Amino acid sequence: LGPAVRCFAKPRSKLPDRRVDIRCANCSALLYRYAKANGAGSRLVKVYAERIVKDMTDDSRNCPSCGQLFARETTIHGKRAFKIIQGKVTMR
């Protein structure tokens, strides 16, 4: 037998209907308007770049007001995403 192939679920191509505001926990500046799949019911762990409806940041990883790093850029399921550093952002 050959090597095992791991199949992961990829995000849907259609954007979810619910939108959440992602703000900096330090200064409350608006960072993103994001199309979150299950609303505000669960923690924000990763942000897919294609689901960002409105981006208020300069480089998508640092707060424009206080300069705090709140995410790390990565690739998840072959798509560009940002892993959120827990405690650095709030969701409303």
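**Cysteines, strands and salt bridges in a predicted model**

Cysteine 24 counts as buried because its relative accessibility is 2%. In this predicted model, the sulfur of cysteine 24 has its closest cysteine sulfur in cysteine 66, at 3.7 Å, which is too far for a bond. A disulfide would call for two cysteine sulfur atoms within 2.5 Å. Cysteine 63 is likewise in no disulfide, with the nearest cysteine sulfur, that of cysteine 27, found 3.5 Å away. Cysteine 63 also counts as buried, its relative accessibility being 4%. For the structure as a whole, the number of disulfides is zero.

Turning to the fold, the protein chain has seven strands and zero helices, giving the pattern β-β-β-β-β-β-β when read along the sequence. Of the 92 residues in the protein chain, 32% are buried. Among the contacts in the protein chain with a separation of 6 or more, 48% come from residues 24 or more positions apart.

The charged side chains come next. Side chains of opposite charge can pair when their charged atoms come close. Here the count comes to four salt bridges, and three of them are described below.

One of these salt bridges joins the side chains of lysine 79 and glutamate 50, with an N to O distance of 3.8 Å. Lysine 79 belongs to strand β6 (residues 79–84), whereas glutamate 50 sits in the loop between β3 (46–48) and β4 (52–55), so this pair ties together parts that are 29 residues apart in sequence. Both partners fall in the partly exposed class: lysine 79 has a relative accessibility of 25%, and glutamate 50 has a relative accessible area of 39%.

Arginine 80 takes part in another salt bridge, with glutamate 73 as its partner, and the closest N and O atoms of this pair are 2.8 Å apart. Arginine 80 is partly exposed, at a relative accessible area of 43%, and glutamate 73 is partly exposed with a value of 43%.

A further salt bridge is formed where the side chains of lysine 14 and aspartate 17 meet, at 4.0 Å from N to O. In this pair, lysine 14 counts as exposed because its relative accessibility is 60%, and aspartate 17 counts as exposed at 66%.

Technical notes. Residues numbered from 1 in each chain as written. Predicted model: local features only at pLDDT ≥ 70, side-chain atom pairs only at ≥ 80, totals over all residues. Heavy atoms only, no water. Buried < 20%, exposed > 50% of the residue type's maximum accessible area, 1.4 Å probe, protein only. Helix = DSSP H or I, 4+ residues; strand = E, 2+ residues; numbered from the N terminus. Contact = heavy atoms within 4.5 Å.
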